[in-house]
Amino acid sequence: MILPSSIQPTLQRYQHLIDTALRQAIDKACNASAIPALDVYYGQMRYHLGWVDASLAPVRSNTGKLLRPILLLVAYEATGAWGLAGIDLTDMTHIRRVLPVAVAVELTHNFTLIHDDIEDGDTERRHRPTLWKLWGVPQAINTGDGMFALSRQILWDALDTGVENALVVGLGTILDRAVQTVAEGQYLDLSFETRQDVSVAMYVDMIRRKTAALMGCAAEMGAVLGTRDQETIECLRAFGLAIGIAFQVRDDILGIWASTSELGKTAAGDVYRRKKSLPILHALEHASEQDQRTLRTLYQQEAAITQEQVDTILTILERTQTRNYCRIFLSEQCQFAYAALASVPYNSNPIARRAINDLEILVHFVEEGAK
């Protein structure tokens, strides 16, 4: 995904801090093992995170956007950062207090990706072989489990950076609740593959769990770290959920209608993969009986989808005005996100004001996916 210049400063401001803290967390766990035979185990974690190649040699590669931990840090700043944020926009001292929590969220996210790749049978992630493809399913499951366990250990490191005991316990509860919700969403997603009665409403409920829950969790945890005001915390949690749903719908739109240059992947790739995304489910609900039969037949056939069949499906989507529906749906989610931000109590601190602006830029970026 090529990110516009408007959002780059927000992402780049925190990426080095988060990346450094992530590396330190893995190194600390590896060094504590004191067994050379476990170097490959932690090397698999480093490989998945994009730091080493398949031979475990250091590389420069696409390590991801770190969107969830960045969302946590920006939500933290939007609340005034527990009163620790100064007026110097270049001062990042207040961020170090919450870095362990941001790292815990990113490790949790990557644990879900490792397992997701296994369950979906995906052989590539960020243009590299997935973990299970290189080391096998059993080891990949184990590495994912280890990453999740490590994420919970790192969370407790916040006690050493000045976060109160009760607050850390509460953050653990929020994170555990989110992981349970993500697992529910993954169950639903997998079950939908063999069902013919999946509705748009069912799909939206699924992505609210699988995709949006951890985004809402990140924003909520950032807010909890920054303020005791429950109204503010709930507003930022609602923002995270709305932007999480919007991100997924944006991906659904791009997965069918983006050009190869825009997406960096095959145009209409989701159709070739027969992914039951929002556009397909909307079309199934609103197409004529004949078009419904055509869609179901093509999505159930054993042979690979051809270019001609893709064109047929795109024509059906055009007849049901599905693209316009998805654009409106995405826009509505973005409006929910804007409204949540507008409800956050005003804070005159320059860092807090910048954070709110950063979140608005993020919504605008997602909203552009509807155009």
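So, Arg-354 and Glu-77: buried or exposed? Both are buried, and by buried I mean under 20% relative accessible area, with exposed over 50% and partly exposed in between, using a 1.4 Å probe and protein chains only.

Quick housekeeping: this is a predicted model, where local features need pLDDT of at least 70, side-chain atom pairs count only at pLDDT 80 or more, and totals for chains, interfaces and linings use all residues. Residues are numbered from 1 along each chain as its sequence is written, and side-chain values use heavy atoms, leaving out hydrogens and water.

Back to that pair. Arg-354 and Glu-77 form a salt bridge at 3.7 Å, N to O; the term means a side-chain nitrogen of Lys or Arg within 4 Å of a carboxyl oxygen of Asp or Glu. The two sit 277 residues apart, Arg-354 in helix α16 (residues 350-367) and Glu-77 in helix α3 (residues 67-78). Helices here are DSSP runs of H or I, at least four residues, numbered from the N terminus.

The whole structure has 18 salt bridges. Another one joins Arg-125 to Asp-117 at 2.7 Å; Arg-125 is partly exposed at 23%, while Asp-117 is buried at 3%.
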